[in-house]
Structures are given as structure tokens and as C-alpha cells.
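Subject: Structure for your review

Dear colleague,

I am passing on the structure below, and I would be grateful if you could read my notes against it.

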Amino acid sequence: MIALKNVSYTYPNGIKALNKVDVKIEEGEKVFIAGKTGSGKSTLLRLLNGLIPNFYGGKVEGVIHAFGKPSPKHVFFVSQHPEEQILMGKVRDEIALPLWRVGRNKVERKIEEVSEYCGIKKLLDKRTHRLSDGEKQLVTIATALASDAPCIALDEPFSHLHPEITKKILNLLLECDKTVVMSEHRIELAKKFDRVIWLEGKNNAKLENCVKTRLNEREDRRMDNTAVELDSISFGYNSKLFEGLNLKIMKNSVCAITGRNGSGKTTLLKIIAGLIKVEGVKVYGKVSIALQYPNYHFCEKKVEKEAKEKWIKLLGLEKLKDRHPHSLSGGEAKRLSIAKALDADIVLLDEPTAGQDYEFRFKLVQVLRELEKTVVIATHDERLASMCDEIVRL
């Protein structure tokens, strides 16, 4: 059983993330944690396995019981950033890591079992650094399921996954015999859980309503100029991702790039940005990119130094302007990386709605369209894609 009694938590920088929280979760229960960006969802999950305060520091008040005490042995935490969680060089070794106590034969059987369930059997002998972000996310979930931890705490576990894969993995989690506590901004997933806990944060950043037109009142624009042109490009790593790909993106349009995990969405953005050099790419204007892991973009000590004031205000970050960028929640950091990318003619966004509440997801495309920039979005969020001017499926 998990119980939090009158729990408050303050980060080392003085930011209070939770205030007198009372939560009780029974063994085997499936619980959905909801709330706006910055309301403390990730903080709550980190408390359960001892990452807070043992890794993050800060001050914890109140009483926490998680199957006896907060411990990674009892609660397996799945981060929203799998890149930062994977430790081993091979997928097989990563899944085996929490199983070393049970004997070699049992380890191999368990690896085969969970990899079959999660659809990653073909990845077992691959190097982890060569996986796509979605594949890495699947590996961390498979590792959690393989572990002997009685509880899995998942923080935005589906942000990099295709909707069909999300549905399969969600059912797998809900049918397992472990206690499952999951934080997600896609509130539509909550209906399958036993219970929903809503966190009310006091310092939520809100997206300003600066849009003049409603979503269903799109303005028909005449787009005479090409912003991005790919002329029969070919590229791959160990195998071909693109062979003779042609693509034209018009100026001031919003284009969504969709496709299954590993189909090359992030790679295509990197090619357009010039991070990967490929012949046949023409870009007309200044390009910026916001990749999936926002903290990789930050180099200043204050939020206000990372992006222009108008973009910070536009994305509702003005109350955070004096904070250190690396002290932000995952959703807040994602917004800041988007704000930083807006200072360009062609804006490339990789999974921009990851870690975002419903309000932000709904208005993001409207805001981008209002700015009259060329925007290319790689996403698994089908609702977001449906709001764009064009969808390219890989």
C-alpha cells in the first residue's frame, strides 16, 4: 500500500512543489495522476521511490509509506525522459538489470516474455544509443514490467509513442498484477483507471489567449512561397529510413510529421535543420529546432536569458523568468524550449505537447498560426496533427 499523509515538498531552490498532500493507493490499484503543467505530478512520483529527497535534495514534510518505505526496490520509476534513465549499452542487458538476483535462466525467460508483450523482441540485441526515443521509452516500460517491484510509477510514459502502441502498452499495464501510478496529460486515458487524483498547483503557467480566430475558423491563406523543399533525399543509419523522399512545405503553413516509432520523424527534422547533412535539401529562411529533451537547449542561469521576453510571455512563462531553466518541470522546460525556437522563420518542433496540459495542446497550433511562421511538428499526438494544415505520414 502507498500512503502520503500531509506531505509537502520544497526543492533546494525554494520552490514549493507540493503542499499538504494526502493520498492513499491500495495494492494492485491503477491510479491516474492528473493536473496542469507544474502542479507537482512528477514530484509526487519521485517521492514514491525515494528520488526525492535522496537524489534531488530539498525538504520533505509529512509521512510517506510506499510498501514499507520509498525505495526503487518497491517502486520502479519510469521517467518521461528515457534517454536519461537507460544505463546499459544493449537492450537485453537493460531489461536484465533489475533481475540479477533471480538467476540466469529466470532472467532469460523474463526478458523473452516482456519483450514479446511490449513488441520489442527485434530490439533485444540492439545498442540502446541507436534506438529512437519511442523505442527507448518501450525499453524502460519493459524493464519496469520485468522487475520484481510491486509498483510501477510512470511519468508521461506515452509521450514518444504511436497511438496504436500506446493503447497496447496501456492495456498491458492495466492488466498486470502490479500497482500502477501514472501521470499523463492525455486525460482521455484516465477512464480506464480505477481512480483519478487531480493535483492543484498554485504556480501553473497559463498560455495567454492571444488568438483572434477559433480553431474551426481557420483563415484560408494563399501560400505562394516554398519554405522547405526535399528533392528525392535518401538517408539511413544501419538501414534506409528514406529512399527518394520528396517533400515541399509552404511558407506560413503548419505541417505535422507523423508515423510509428522509428519511422524517422526526429531524423527528418534534423535533416531540415541541417544537423544531418543530406543532398537535396533546400531551406529558405532562418531555421530553429526544439528537440524532445528541452534541457539540452539551455545554457543560461535564468529563464529570461534563454528566450526573448515576448515569447516567454506568449507561452505563459513570465512568472518563471527568474528561475534556473534546469529547475523547471518537464512541461515548463518544454514550453521554454519552444519559446526559444520561436525566434526564427522556420520552426521545427519535436513532440511539442509532451508534458503539456489540455489547454496548451489545444491552443498551440492556433498560436503558431497567428505568428505566421512556417512550422513543422513531429508528433504522435493525432489530435494535434489534425489541427495542422498538412499531415505527412512516414
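The expected span of a helix is taken as 1.5 Å times one less than its number of residues, and helices (H or I, at least four residues) and strands (E, at least two) are DSSP runs numbered from the N terminus. This is a predicted model, in which local features need pLDDT of at least 70 and side-chain atom pairs count only at pLDDT 80 or more, while totals for chains, interfaces and linings use all residues. Residues are numbered from 1 along each chain as its sequence is written, and side-chain values use heavy atoms, with hydrogens and water left out.

For helix 5 (residues 133-146), the 14 residues should span 20 Å at 1.5 Å a residue, and its end C-alpha atoms are 20 Å apart, which agrees. Helix 5 is also mostly covered, since 14 of its 14 residues are buried, where buried means under 20% relative accessible area, exposed over 50% and partly exposed in between (1.4 Å probe, protein chains only).

Helix 5 also gives the largest share of the lining of the second largest pocket, namely five residues; helix 6 (163-175), strand 10 (240-250) and helix 7 (265-273) each supply at least two. A pocket here is an open set of points on a 1 Å grid over the protein atoms alone, with protein on both sides within 12 Å along at least five of seven lines, and lining residues have an atom within 4 Å of a point. Of the 46 lining residues, R130, L131, S132, E135 and G262 are the closest to the centre of this pocket.

With best regards

How values were computed
On a 1 Å grid over the protein atoms alone, a cavity is a set of points where a 1.4 Å probe fits but cannot get out, and a pocket is an open set with protein on both sides within 12 Å along at least five of seven lines; lining residues have an atom within 4 Å of a point.
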